Amino acid sequence: MKVLVFGGTTEGRLLARELSALGAQVTVSVATALGAEELRGVPPLTVCVGRKDARQMRKMLPGFAVCVDATHPYAAEASGNIRAACLAAGVPYRRLLRGASALPPDSVVVPDAPAAARWLAGTQGNILLATGAKELAAFAGLDAERLYPRVLPTHEGLAACEAAGVPHGNIIALQGPFTRELNEALMRRFDIGYLVTKDGGAPGGFGEKAQAARNVGARLVVIRRPADSGEDYAAVLNECREMMACR
């Protein structure tokens, strides 16, 4: 059975490995070279690298028995394109959606990055931005000396920091997820008063970030998840197994 998996997430990689081990012919589409690196050494997967629009997705889909959308919970545009492409191609679609976190009651919850920046404009103190490089432009209007973005150690991540005017000494280029201890150490090192993050769930280390912020006395600012629906890892894996058993 041929399975197409979209997404470089932790659960996407796990699903691809498990289905491949069960005998499925698995193709994984990831947006970046870093996503492809994390799949190295997992034969016999086929890995496609590069962001794709709905038209390109439709061209990929013929011949696949099922398509699994294992993109990040905040990748709303990508998920919409995948749904539309599957509908147009007549390929069954499954959304593998990681569970949401219980947000601490004292969190500041905002709808998007620009709203977070507006709220932070009325505050003082250093800000750890753990929202990803694509969101940095929203914070460019704040005092750049306050910003400590944590980005992937890629050219794109560093370029986004420079475009936002962030001093080089403030850039934290590391690949997560991170332990509570490391989050806490970074926040103490840079005297962080505010941590801005998305709810990446357990695979994204949300709990470790929230606990570290609490321990150092930093205010947690959470960008609310986009509305979405889907199934957890076990449900998607079982459905794929059942499809394989019927073929």
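**Labels and their cut-offs**

Author: This is a predicted model. Start with Trp 119, which has 31% relative accessibility and counts as partly exposed.

Reader: Why is Trp 119 called partly exposed?

Author: Buried means under 20% and exposed means over 50%. Trp 119 has 31%, so the residue is partly exposed.

Reader: What makes Tyr 194 buried?

Author: Tyr 194 has 14% relative accessibility. The limit is under 20%, so Tyr 194 counts as buried.

Reader: Why is the pair of Trp 119 and Tyr 194 called edge-to-face?

Author: The ring centres lie 5.9 Å apart, and pairing needs them within 6.5 Å. The planes make 75°, and over 60 degrees counts as edge-to-face, so the label holds. Trp 119 is in helix α5 and Tyr 194 in strand β10, so the pair ties together parts 75 residues apart in sequence.

Reader: And why is the pair of Tyr 148 and Phe 190 called tilted?

Author: The centres are 4.9 Å apart and the planes stand at 35°. Stacked needs under 30 degrees and edge-to-face over 60, so this pair is tilted. Tyr 148 sits in strand β8, Phe 190 in the loop between α7 and β10. Tyr 148 is buried at 11%, and Phe 190 is buried at 14%.

Reader: How do you know that Lys 2 lies over the face of Phe 64?

Author: Lys 2 is 5.0 Å from the ring centre. The distance limit is within 6 Å, and the position must also be within 35 degrees of the ring normal. Lys 2 is listed as lying over the face of Phe 64.

Methods. Residues numbered from 1 in each chain as written. Predicted model: local features only at pLDDT ≥ 70, side-chain atom pairs only at ≥ 80, totals over all residues. Heavy atoms only, no water. Phe/Tyr/Trp six-rings, centres within 6.5 Å; stacked < 30°, edge-to-face > 60°. Helix = DSSP H or I, 4+ residues; strand = E, 2+ residues; numbered from the N terminus. Buried < 20%, exposed > 50% of the residue type's maximum accessible area, 1.4 Å probe, protein only.
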